[in-house]
Amino acid sequence: MKEAVLNGQPRNDVFFGTNVGFNLIGCDGATTEKIRSAAAAGKRVVLYSPTYRPPAEIQPAQALDLDELNNFALRHGLLIVWKAHPKDGIAVQEREALVVMDKNADVYPVMGYADCMITDYSSIYMDYILLDRPIIFFPYDLEHYLRKRGVQHDYNAITPDPKCLT
């Protein structure tokens, strides 16, 4: 009988290694620099990384008041990093405390700068757990999402409460 030790995914190595330049291949360089500068200036970095929704459904950018989110971030010394799913078709405009990563860029090298992650049904939170930092679940369309698309496991059993719905 053969045994295997599961010790993570190679994409997570960037969380624990040194800051080697090749880790930034495929990154959004301009946004990465904004994130690094904000972190160095003492701002808390919040990564928002929602999953894909078909165009006919309410998109994350439509579910949030982005101006109010920006104002909240300004009041609390935050930088919100918006990383849309690569298939997302809604363009989000940057604001003073809201930066938008290229949706096709590799988010993993900048996840280490995030003090907190906000997501919904995306499996990205499974990787972020390795950093042992807070995760906020924002399933604003939970009932609709479960009815139309569903998930592999009981959503409430694999994500902690409370959920943020507004």
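Is G26 buried, partly exposed or exposed? In this predicted model, G26 is partly exposed, because its relative accessible area is 47%, and the cut-off for exposed is over 50%. G26 sits in the segment that precedes α1, the helix of residues 29–40. Setting aside neighbours within four places in sequence, G26 is in contact with A105 and D106. From G26 to T159 there are 133 residues in sequence and 30 Å in space, C-alpha to C-alpha.

Now the sheet. Five strands form an open sheet in the order β3-β2-β1-β4-β5, and the pairing is parallel. The edges are taken by β3 (98–100) and β5 (135–137); each has a single partner strand, so one side of each is left without a neighbour in the sheet. From one strand to the next, the twist averages 20 degrees.

Within that order, β1 (residues 44–48) and β4 (residues 116–119) are joined in the parallel sense over three bridges. L47 is the residue opposite M117 in β4. Helix α1 packs on the sheet and touches β1, β2 (78–82) and β3. The direction of α1 makes about 160 degrees with that of β2. Another helix, α3 (residues 66–75), lies across β2 and β3 and runs at about 145 degrees to β2.

Last, the surface. M126, I129 and I158 make a nonpolar patch of about 270 Å². Of these, I158 belongs to helix α7, residues 155–158.

Terms used. Residues numbered from 1 in each chain as written. Predicted model: local features only at pLDDT ≥ 70, side-chain atom pairs only at ≥ 80, totals over all residues. Heavy atoms only, no water. Patch = residues over 30% accessible without salt bridge, like charges linked within 9 Å, V, L, I, M, F, W, Y side chains within 5 Å. Areas by Shrake-Rupley, 256 points an atom, 1.4 Å probe, with all protein chains shown as cover. Salt bridge = Lys/Arg side-chain N within 4 Å of Asp/Glu carboxyl O. Helix = DSSP H or I, 4+ residues; strand = E, 2+ residues; numbered from the N terminus. Buried < 20%, exposed > 50% of the residue type's maximum accessible area, 1.4 Å probe, protein only. Contact = heavy atoms within 4.5 Å. Pairing = 2+ DSSP bridges. Axes fitted to C-alpha atoms, helices over the stretch in contact; angles between N-to-C directions.
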